[in-house]
Amino acid sequence: MTDNLLIQEAIKARENAVAPFSKFKVGAALRTKAGRVFHGCNVENCTYGLTVCAERVALLSALAAGERQFDAIVVVTQSDEPGTPCGPCRQLMWEYCGDIDVTLAGLKGQRVDYKLSTLFPHPFYFSLED
Ligand code: THU
């Protein structure tokens with residue numbers, strides 16, 4: 001189960017969001033099984049299409065640091081009903097994190113807890129070893 005500390009980390013991560021176009025700031029905190037925490041925030045771009053979501057920034061940063069085992073992610077948004085990860089982020093999280101705990105949180109203490117498999121049932125996946 002995700003603790004409040006990870007939510008605080010995601011709130012901190014959100015402060016670095018680069019969202020001049022949407023004004024919708026998102027923060028993510030991804031925890032490894034060993035307890036290391038990686039921050040991510042959304043980074044927008046004037047082409048719009050090159051925008052990267054907070055979840056993917058956290059995940060790619062953790063992978064680039066050599067981490068491969070994850071157990072929880074928190075995503076913080078400013079909406080009253082906490083926002084849910086987009087489809088591409090769900091796909092990537094599934095591929096690299098498996099069925100982790102996903103907590104969606106708001107800035108006013110709201111939180112909803114899911115397993116990734118609930119948010120992303122019937123994923124596409126193949127293994128080169130099969
Ligand atoms: N965004 C995220 O960071 N994560 C999501 O799962 C959904 C959307 C960002 C992208 C864009 O900068 C802003 O939210 C509005 O779509």
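How much space lies in the largest pocket? In this predicted model, the largest pocket holds about 180 Å³ of space.

**Largest pocket**
- The residues that line the largest pocket are Gln 91, Glu 95, Tyr 96, Phe 124, Tyr 125, Phe 126, Ser 127, Leu 128 and Glu 129.
- Sorted by class, this lining comprises 5 nonpolar, 2 polar and 2 charged residues.

**Packing of H2 and H3**
- The crossing of H2 past H3 is left-handed.

**Residues of the helix contact**
- H2 contributes Glu 55, Arg 56, Leu 59 and Leu 63 to the contact.
- H3 contributes Pro 88, Cys 89, Leu 92, Met 93, Tyr 96 and Cys 97.
- This contact consists of 8 nonpolar and 2 charged residues, with no polar ones.
- Tyr 96 belongs to the helix contact and also lines the largest pocket.

Definitions and conventions. Residues are numbered from 1 along each chain as its sequence is written. This is a predicted model: local features need pLDDT of at least 70, side-chain atom pairs count only at pLDDT 80 or more; totals for chains, interfaces and linings use all residues. Side-chain values use heavy atoms; hydrogens and water are left out. A crossing is left-handed if the near helix is turned anticlockwise from the far one by less than a right angle, and right-handed if clockwise. Helices (H or I, at least four residues) and strands (E, at least two) are DSSP runs, numbered from the N terminus. Contact means heavy atoms within 4.5 Å. Ala, Val, Leu, Ile, Met, Phe, Trp, Tyr, Cys and Pro count as nonpolar, Asp, Glu, Lys and Arg as charged, and the others, Gly among them, as polar. On a 1 Å grid over the protein atoms alone, a cavity is a set of points where a 1.4 Å probe fits but cannot get out, and a pocket is an open set with protein on both sides within 12 Å along at least five of seven lines; lining residues have an atom within 4 Å of a point. Grid points are joined across faces, edges and corners, and a volume is the space filled by probe spheres set on the points.
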